[in-house]
Amino acid sequence: MTQPHSTDTQWPRWEVFKQDAPNRPHQAVGSVHAGDARHALVTARNVFVRRPAAVSLWCVLETDLLTATPEELSRTPTLLDTPGEGGLYHVGLKRTNKRSMTFVDLSGTVHAAGPGDALRQASTLHPDVLAWMVFPDAAAVRTDEDPGTVESWFAPAKDKTYKQQQYYGVIGRHVGELKRAGLMPGRAAGTDDTGTGDTDMGDTGSRTPRTSEDHA
């Protein structure tokens, strides 16, 4: 049987979880496409940790995540039977729509027989949320927690300050400085105000601007 040809040529998608400080939870901040785990972490750092503070990054393949809203779970209760490996699962919760920069906060772990069972436990422990997300602990790839790695990955970004465009260096002198010093050149005689670029060349071909007497 001929398999349908896939039109998706992108690398796999990885969900990115960022921890801002040692005592704060990891938060889902977005996703990246990457060819492998190391590529995902490096890309996540470049995209999500260029300026904000961070001490840790996790990346999880999209295919290892199971998410559901209460409405989805009501329509498709078989989500609770989703099979998979048993073990330790992380539970993420979306509690509000007011925060636009994050999807869920990781709020704890459960020991489950599979992703469906983890989702069942999450929905029982936290019934009043907007969405749940679960994934096995073994599926997360992480930045190292030793001080050297944290320093080399995150300290430069933490110290970097945002700069407006005018604070960056320019080649030569800024146009505003030239204007204030009266050094901006005036308009060349014969420059066409209509924007057509036409000028009166006269019979001799020299650039001679017309005067009011010429039109009289």
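Modeller: Lys 18 is buried, because its relative accessible area is 8%, and buried means under 20% relative accessible area, exposed means over 50%, and partly exposed lies in between (1.4 Å probe, protein chains only). This is a predicted model, in which local features need pLDDT of at least 70 and side-chain atom pairs count only at pLDDT 80 or more, while totals for chains, interfaces and linings use all residues. Residues are numbered from 1 along each chain as its sequence is written, and side-chain values use heavy atoms, with hydrogens and water left out.

Lys 18 belongs to strand S1. Strands (E, at least two residues) and helices (H or I, at least four) are DSSP runs, numbered from the N terminus. The side chain of Lys 18 makes a polar contact of 2.3 Å with the side chain of Asp 20. A polar contact is a pair of N or O atoms within 3.5 Å; within protein, one must be able to donate a hydrogen and the other to accept it, and residues adjacent in sequence count only if both atoms are side-chain atoms.

Lys 18 is also among the residues touched by His 26. His 26 lies in the loop between strand S1 (13-19) and strand S2 (27-33). His 26 counts as buried, because its relative accessibility is 9%. Leaving out residues up to four places away in sequence, His 26 is in contact (heavy atoms within 4.5 Å) with Phe 17, Lys 18, Gln 19, Ser 56, Trp 58, Val 104, Asp 105 and Leu 106. With Ser 56 there is also a polar contact between the side chains, at 3.0 Å.

S1 and S3 run antiparallel and are joined by six bridges; two strands pair if DSSP finds at least two bridges between them. On another pairing, S3 and strand S8 (residues 140-142) also run antiparallel, joined by three bridges. Because five of its six residues are buried, S3 is largely enclosed by the rest of the structure. As a general point, side chains in a regular strand alternate between the two faces of the sheet.

Trp 58, another contact of His 26, has Arg 142 in S8 as its bridge partner. The charged end of Arg 142 sits over the ring of Trp 58, 4.4 Å from its centre. A charge sits over a ring if NZ of Lys or CZ of Arg is within 6 Å of the ring centre and within 35 degrees of the ring normal.

Next come the aromatic pairs. Across the whole structure, two of them are found. Rings of Phe, Tyr and Trp (its six-membered ring) pair if their centres lie within 6.5 Å; planes under 30 degrees apart count as stacked, over 60 as edge-to-face and the rest as tilted. The rings of Phe 17 and Phe 135 have centres 5.2 Å apart and planes at 35 degrees, so this pair is tilted. It links distant parts of the chain, with Phe 17 in strand S1 and Phe 135 in strand S7 (residues 131-136), 118 residues apart. Phe 17 is buried at 0% relative accessibility, and Phe 135 is buried with a relative accessible area of 0%. The rings of Trp 153 and Phe 154 have centres 6.1 Å apart and planes at 55 degrees, so this pair is tilted. Trp 153 and Phe 154 are both buried.

Arg 13 forms one with Glu 15, with the closest N and O atoms 3.3 Å apart. Arg 13 is partly exposed at 26%, whereas Glu 15 is buried at 9%. Arg 13 forms another with Glu 62, where the closest N and O atoms are 3.0 Å apart. Glu 62 is partly exposed, with a relative accessible area of 38%.

Conventions. A salt bridge is a side-chain nitrogen of Lys or Arg within 4 Å of a carboxyl oxygen of Asp or Glu.
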